[in-house]
Amino acid sequence: MQEVVEPSALTRHLEAFQDAADATGGNRADATKGYEASAAYVEEQLRAAGYEPRRQEFSYGRRNPVDAFNILADTGSSSGSVLVLGAHLDSVEEGPGLNDNGSGVAAVLEVALRLAEEGAVSRERIRFAFWGGEEDGMHGSEYYVEQLSREETAAHVAYLNVDVVGSPNAVVFVYDGDGSDSEEAGPEGSGAIERVFQDILRAEGVQALPFGFIEDSDYDAFVKGGIPTGGLFTGDAGTKSEAEARTFGGQAGEQYDECYHQACDTIENVDMAMLEQMTETLMSATVSLGSIEGGLAMGAATEEGAG
Ligand SMILES: [Zn+2]
C-alpha cells in the first residue's frame with residue numbers, strides 16, 4: 001500500500017486534544033471547555049481544508065439536562081447517497097481520552113483532510129461525524145439517526161465507526177457485519193463492509209478478528225436504524241488471549257488498554273504505528289465504499305493487492 005497518511009499530522013491532532021484536556025481540567029467530556037477546545041480544533045482544521053462544518057445540537061438527561069453537540073462536515077455528491085465516517089469526540093470525566101477516542105477522531109479527521117488535499121471526487125457524499133454524548137450513552141449518534149427522515153435513512157449506504165484505534169496492547173478488530181462470530185449480524189450490507197476491511201488488511205498481511213456489535217459504541221444507533229454498519233477497533237477493557245498475542249504480539253493476560261477510561265489515557269498511551277495503520281485502512285475503505293473516482297494512488301494499489 002502506498003502510504004498517504006502523514007504520521008506527523010496524526011501526532012498534531014493528538015497533541016491538540018492533549019492540550020485541550022491539560023488546559024481545562026484534565027478531560028474533554030461533554031459540556032466542558034476541553035470538549036469545546038477539541039471541537040474548535042476539529043472545525044478549524046476542516047474549514048482550512050475547505051469544508052463547512054456545522055454543529056448539530058442536542059441535549060440529554062432528564063434531571064440535569066446536558067447541552068451537547070455533534071460536528072458534521074460533508075463532501076459533495078453526485079449520487080445523493082451518503083457514507084458516514086464517525087468517531088466520538090467526547091472523553092470520560094476521568095481522563096483526557098486520547099486513545100478513547102482522540103485516536104478515532106484523529107483518523108476520521110485525517111481522512112477528511114487528505115481527501116480534500118487530493119481533490120478526491122466521490123460518487124457518494126462522505127459525511128465526517130464527530131459525536132458528542134457517547135460516554136454517557138451514545139446520545140449524539142442516537143440523535144443523528146433519530147432525526148433522519150425515512151428517505152434520508154435509506155440514502156445512507158454505510159456507517160463506519162472508529163472508536164479506539166491506537167491501543168497499546170492492540171488486536172486489530174473489524175466489526176462482525178456478517179455475524180460469523182456473533183449472535184447477530186449487522187443490517188443487510190454490513191457483511192460486505194466487513195469484507196472490504198478484511199480484504200484491505202489481508203493485503204497488508206493482517207488477519208483481523210471479527211468483533212460483534214454489543215451496543216457499546218456509536219454504531220448502535222445505525223445498526224438499530226437498519227443502516228449497513230462496520231468499522232475498526234483495537235480493543236479497550238478486554239484481556240488479550242494467548243492466541244491473540246501470538247498473532248498480534250503484545251502481552252497475553254493484560255488489557256488491550258490498561259489506561260482505558262483512566263487519567264493515564266494520555267498521548268503517551270496511544271500506539272502511533274497502530275493508529276497510522278488503522279487510518280490508512282480507513283482511508284482505503286473510504287475510497288472503496290465512497291466510490292471515489294479513479295481512487296487515490298493508494299486506493300488503486302489496494303485493489304490490486306486484494307484482487
Ligand atoms: Zn469510546
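Methionine 138 sits in the loop between β4 (125-131) and α4 (139-146), where helices (H or I, at least four residues) and strands (E, at least two) are DSSP runs numbered from the N terminus. The model is a predicted one, in which local features need pLDDT of at least 70 and side-chain atom pairs count only at pLDDT 80 or more, while totals for chains, interfaces and linings use all residues. Residues are numbered from 1 along each chain as its sequence is written, and side-chain values use heavy atoms, with hydrogens and water left out.

The phi of methionine 138 is near 60 degrees, a positive value in a residue other than glycine, and methionine 138 is buried, with a relative accessible area of 15%; buried means under 20% relative accessible area, exposed over 50%, and partly exposed in between, with a 1.4 Å probe and protein chains only. Valine 164, in the loop between β5 (156-162) and β6 (173-175), likewise has a positive phi, near 75 degrees, and is buried at a relative accessible area of 1%. Most residues other than glycine have a negative phi, and most peptide bonds are trans.

A cis peptide bond, with omega about 10 degrees, joins aspartate 100 and asparagine 101, and asparagine 101 is found in helix α3 (residues 98-117). Of the 20 residues of α3, 18 are buried, so the helix is largely enclosed by the rest of the structure. Just after α3, glycine 119 takes a positive phi of about 65 degrees.

In soluble globular proteins, nonpolar side chains tend to be buried together.

Leaving aside neighbours within four places in sequence, phenylalanine 130 is in contact (heavy atoms within 4.5 Å) with residues including Tyr35, Leu46, Asn70, Val105, Val108 and Leu109. Asparagine 161, in strand β5, is buried with a relative accessible area of 0%, and its contacts, with neighbours within four places in sequence again left aside, include Gly86, Tyr175, Asp218, Tyr219 and Leu232.

The largest pocket holds about 270 Å³ of space. On a 1 Å grid over the protein atoms alone, a pocket is an open set of points where a 1.4 Å probe fits, with protein on both sides within 12 Å along at least five of seven lines, and lining residues have an atom within 4 Å of a point. Grid points are joined across faces, edges and corners, and the volume is the space filled by probe spheres set on the points. Of the 14 lining residues, Glu184, Ala185, Phe213, Ile214 and Val223 lie nearest the centre of the pocket. The lining divides into five nonpolar, three polar and six charged residues, where Ala, Val, Leu, Ile, Met, Phe, Trp, Tyr, Cys and Pro count as nonpolar, Asp, Glu, Lys and Arg as charged, and the others, Gly among them, as polar.

Serine 8, in helix α1 (residues 7-22), counts as partly exposed at 48% relative accessibility. The C-alpha atoms of serine 8 and glutamate 276 are separated by 9.8 Å, although the two are 268 residues apart along the chain.
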